[in-house]
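This report describes the architecture of one protein model and the surroundings of its ligand. Please keep the sequence and the coordinates at hand while reading.

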Amino acid sequence: MNEGESKNLKLRYALRRLISYASPYRIGFIVAVLLLSAKLVMDIGFAAIQQVFIDTINNANMDALTRITVICAIACVIIICCLMLQHYFRFVMQSRMAWDIRAKLFDKSHRIPFRYLQSMHSGDLTSRNTKDAGMAMGMINSIVYDLGYNLLLCFISFLYLAKMDVWIALLALGSGPLVFLSGRFFDRRLRKLSTQIYAKEAELRGILQETLQGMKVVRAFSLEETLLKKYALEREKLRRMQLRKSLLNGLLWQSSAFINNLVMVICAALIALSALSGGTSAGEVLAFIILMGRVQWPFVHMSQTWGGVQEALGAADRVFAILDAPDEGAAHPLPESSSSPLASVEVAALQIEDVHYSYSGKKDNEASLFTGLNIHIQHGETIAVVGPSGSGKTTLVRLCNGLYEPTAGSISVYGKSVHDQLEEARAMITYVPQTPYLFSGTIRDNIAFSSSTASEEDIREAARLAGAEEFITKMKGGYDTILGEHGSTLSGGQRQRIAIARAFLRDAPLLLLDEATSALDNESERMIQQSLDLLMKNRTTLVIAHRLSTIREASRIIVLDQGSIVEEGTHESLLEMNGLYSQLYNIQFKSSEAEDISEHELLQLHSHL
Ligand SMILES: Nc1ncnc2c1ncn2[C@@H]1O[C@H](COP(=O)(O)OP(=O)(O)OP(=O)(O)O)[C@@H](O)[C@H]1O
């Protein structure tokens, strides 16, 4: 297959795929197109009525003139009503189709592999979901209404014209394809440029989003100037691309208009010659010139619309790139019976078998972070994972969560494969991240979203267990308090307690916990530790440990280094080995032991007083 054929196939595929979004609304489209025929009556009728008017005036027939005027007025009212209805239908169809594709995109963005998502900027994803999806769906409207209508207008005007003079009608019609084809020279460039423009717009949106989100850092480091320069630089690149696009569009429109006007002049000269020889009335000449425009103009219009279609295809390419991305794992629906995930405790709680993982997706060992990782955790165990920065702790938790897919090997949670039974495996997991993510909304919603069936009592109980009840009830709005973006109106400790409340409510048997490293005051720290201890009770826990107390109480400690388990055992046995753990202990944890001891001594002192 040559390049041209493959491009045509791609174009046809993209068009067919986009039009498939219109098929559920075909009845609405048919009604809208029928209503649009009122415009056809108006466009053709305008030419015909001109002829009748002029010939009636020439014959000085007053009665006929009054009759025609009344008929025209009534027809105008009917046509205007039809067109208003048609606009309404057109809007409803377009907004429904845009909603359908946006819902698909929204759903898909929750299913595409996390690694793929990480490689994209959230601003880019937002742009694809909003602007690009809207552009792509707007194109269907253009095809159905503009192209469809113009073809019909051209056909009927041609028939009408041919009745007057078949040769001139054929000349007007014959020039149409030339007008249309002259515009096609720009298609490829226009589509490519449009894709680049949409990508650049998304990039700019990303910069703006990042600047606003990182406002605290921006101000603290006085980065306003630097970021403004970066923004202005990218904006300038966008401006140049837009300028090129507008030049291309100008060329496209003017080249078609030029050919169109040339043929118009030739046809007008021919019809004027015919009038001079006495074969045509003044009314007919006028109708002829108007109708000739009606035959030719649709081609100019179609050429321009087709240019718009190319732009919209650029947007559609970006939308399809997301929709066509593979799904993470092979999600299966939850079976009815799995409402109590704690049921099966005989199988290993977490089984990591010969797992290989590479961020590049390559299978060779050199590129891999994990090369044959094995971890088996029984129900009720608490496993602490420690290791230097970059050793793979976060990656391990994300693999267990199914956010990343191993390049080889398998992971199962209570017998459910994270690869093949992702939803079932996830139902067994509660994840408490280092930095909890809170959504805009009430405190109640933020706790409750981890369980769709939670009652008010369940929510309050979870908050109580997480040690969050006190600060929530002290707030003016209580559980109805609206949180700012990312919970910005709460303190770090309060955000963590809400995240722990979510975990209580979810009540899953495996807890994946990434302990917070950020320093909290002693009181908050102690309360959070108490809540976490309670949360870990009767659960299996895999914890990225940053606190000495967690490490000490763990059933086992796994020491990771560059993706490999280099040591494994209890706190005491590992200290005796005098290896990496012992070094980490001396650097990271000993100071917190000193704090623990001094707190302990302080308590003892208090009790003596
Ligand atoms: N999205 C990513 N793409 C490519 N490489 C990554 C990505 N995320 C992490 N890495 C690399 O994988 C390795 C392990 O990272 P990981 O975040 O798992 O380490 P960690 O032990 O959790 O570190 P820390 O304690 O600093 O959080 C690091 O070398 C890191 O650079």
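How many helices and strands are there in the protein chain? The protein chain has 20 helices and 12 strands, where helices (H or I, at least four residues) and strands (E, at least two) are DSSP runs numbered from the N terminus.

## Basis and overall figures

This is a predicted model, in which local features need pLDDT of at least 70, side-chain atom pairs count only at pLDDT 80 or more, and totals for chains, interfaces and linings use all residues. Residues are numbered from 1 along each chain as its sequence is written.

Of the 609 residues of the protein chain, 32% are classed as buried. A residue is buried if 20 or more other C-beta atoms, placed from the backbone, lie within 10 Å of its own, exposed if 12 or fewer do, and partly exposed in between. Contacts are defined by C-beta atoms, placed from the backbone, that lie within 7 Å. Among contacts between residues at least 6 apart in sequence, 80% join residues at least 24 apart.

Helix H9 (residues 224-276) contains 53 residues and reaches 74 Å from its first C-alpha to its last, close to the expected 78 Å; the expected span is 1.5 Å times one less than the number of residues. Its buried residues are Leu 252, Ser 256, Ile 259, Asn 260, Val 263, Cys 267 and Ile 271. An α-helix has 3.6 residues a turn, so residues three or four places apart point the same way. The cover over the buried residues of H9 includes helix H6 (166-184) and helix H10 (282-323). Just after H9, Gly 278 adopts a positive phi of about 85°.

Helix H5 has 43 residues and reaches 61 Å between its first and last C-alpha, close to the 63 Å expected. A kink of about 35° in H5 is centred on Arg 128, the bend being the angle between axes fitted to the seven residues ending there and the seven starting there. Ser 157 lies in H5 (residues 122-164). This residue is buried because 26 other C-beta atoms lie within 10 Å. Not counting residues up to four places away in sequence, Ser 157 touches Ile 44, Leu 291, Arg 294 and Val 295.

## Strands and sheet

All five residues of strand E3 (residues 382-386) are buried. Thr 382, Ala 384 and Val 386 point one way, and Ile 383 and Val 385 the other way. E3 pairs in the parallel sense with strand E10 (residues 540-544) over four bridges, and Thr 382 has Thr 541 as its bridge partner there. Pairing requires that DSSP finds at least two bridges between two strands. Four bridges also join E3 to strand E11 (residues 556-561), again in parallel, with Val 559 as the bridge partner of Val 386.

An open sheet of four strands has the order E2-E1-E4-E5, with antiparallel pairing. Strand E2 (370-377) and strand E5 (416-417) stand at the edges with a single partner strand each, so one side of each is left without a neighbour in the sheet. Strand E1 (residues 350-357) and strand E4 (residues 408-413) are joined by five bridges, and Leu 350 stands opposite Val 413.

## Ligand surroundings

Which residues are around the ligand? They are Gln 118, Tyr 359, Leu 369, Gly 387, Ser 389, Gly 390, Ser 391, Gly 392, Lys 393, Thr 394 and Thr 395, under the criterion that the C-beta atom, placed from the backbone, lies within 6 Å of the molecule. Helix H11 (residues 393-400) gives the most to this shell, with three residues.

By class, the shell has two nonpolar, eight polar and one charged residues. In this scheme Ala, Val, Leu, Ile, Met, Phe, Trp, Tyr, Cys and Pro count as nonpolar, Asp, Glu, Lys and Arg as charged, and the others, Gly among them, as polar.

Key
Contact = placed C-beta atoms within 7 Å.
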